[in-house]
Amino acid sequence: MSSEFHHEVLVMQTVFSTVLPDVPQAAGIWLALLAVAAIVVAALIVRPDRFRSVLGDRMSAAAMPSSLELAEEARERARYAQEVKVAADRAAATADRRRMEWLTAQEEVEEAWRAYEAAELDVRRLAAAAALPVPRTERTPAEYADRERWLHRAALDAQWRKEITVEQLSDILGHRGWDPRRHPVEQELLLRRLIRDNLRARHQAAGEREQAAWRAAELAAAAARSLRDEAYAAANPAPEPQSLISTVDLTALEITRELPNAVRGAEPARGPGPAATGRAAVPAY
């Protein structure tokens, strides 16, 4: 029994001899950690604004992109702005060209209208003359030949002035729908009516072309304005919004944390207050 007790005593001595030398070292480490924690807490209490500033700067710096990323983004923006500028210049040139085409078409409409008005006046004048009795002439082969030559010459002159088409000239020369034995006054009235109808159709066609040219010019101008605005926005980008981390109001959080519970509990219950005087209510969207 004494031997067993002696053995247990030796074991306890061995354990204490092994553990006790490390206790002062562990205690020193814990004391050092507690000292560091006390220093940090004291710094927070004495200079909380400096800690918040350093913390916010570090968080903002961590959230911001690197210099390489910023340089790459700048190159991409410059390349895109240049491409849009080139497209805007081309669109502006196209818009100018379309506008000139529209102005030309407008001049053609006015010219066609003036020609139609002149032809209408000729028809009215000849219609008034044809209402009078025509002089009687001998109906001889020579007279009919003269009337035929006059009709052919008048038709050729009208076609040379592009007042009638080649098909219409062929019908006149081939006497298809035309009687060369009519009196020259009657033939001229028929020819002037044909010319007037042609000029009226030409004026209508010119008006349709002018409308199409106007629509094309409007679309080209709208496209040029859109690309011009996009090019300006690409060359002058808006400032990027600040990071959410950099805009966190740590001061408000600290003040709220430092308020005593009695003050926070004394806040009145929120309810529908009076409307602001002199200010319109903001509608809900």
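Helix α5 passes α7 in a right-handed crossing. Keep in mind that this is a predicted model.

**α5 against α7**

- Helix α5 covers residues 141-160 and helix α7 covers residues 184-235, and the two pack with their axes 10 Å apart at an angle of about 20 degrees.
- Angles under 35 degrees count as roughly parallel, so α5 is roughly parallel to α7.
- On the α5 side, the contact is made by R147, W150, L151, A154, A155 and A158.
- α7 brings P184, Q187, E188, L191 and I195 to that contact.
- Sort the residues of this contact by type and you get 8 nonpolar, 1 polar and 2 charged.

**α5 against α6**

- Helix α6 (residues 166-173) also packs with α5, this time at an angle of about 175 degrees, with the axes 10 Å apart.
- Over 145 degrees counts as roughly antiparallel, so that's the label for α5 and α6.
- From α5, the residues involved are L151, H152, A155, L156 and Q159.
- They meet V166, L169, I172 and L173 in α6.
- By type, the contact of α5 with α6 splits into 7 nonpolar and 2 polar residues, with no charged ones.
- L151 and A155 turn up here, and they're also listed in the contact of α5 with α7.

- W113 and Y116 are 3 residues apart in helix α4 (residues 67-130), so about one helical turn separates them.
- W113 has 37% relative accessibility, which makes it partly exposed.
- Y116, on the other hand, is buried, with a relative accessible area of 14%.

**A105, also in α4**

- A105 is found in helix α4.
- Is A105 buried or exposed? Its relative accessibility is 8%, so it counts as buried, the cut-off for buried being under 20%.
- Leaving aside residues up to four places away in sequence, A105 touches R209, E210 and A213.
- A105 and E208 are 103 residues apart along the chain, yet their C-alpha atoms are separated by 9.4 Å.

Conventions
Residues are numbered from 1 along each chain as its sequence is written. This is a predicted model: local features need pLDDT of at least 70, side-chain atom pairs count only at pLDDT 80 or more; totals for chains, interfaces and linings use all residues. Side-chain values use heavy atoms; hydrogens and water are left out. Helices (H or I, at least four residues) and strands (E, at least two) are DSSP runs, numbered from the N terminus. Buried means under 20% relative accessible area, exposed over 50%, partly exposed in between (1.4 Å probe, protein chains only). Axes are lines fitted to C-alpha atoms, for helices over the stretch in contact, and angles run from 0 to 180 degrees between N-to-C directions. Angles under 35 degrees count as roughly parallel, over 145 as roughly antiparallel, 65 to 115 as roughly perpendicular and the rest as oblique. A crossing is left-handed if the near helix is turned anticlockwise from the far one by less than a right angle, and right-handed if clockwise. Contact means heavy atoms within 4.5 Å. Ala, Val, Leu, Ile, Met, Phe, Trp, Tyr, Cys and Pro count as nonpolar, Asp, Glu, Lys and Arg as charged, and the others, Gly among them, as polar.
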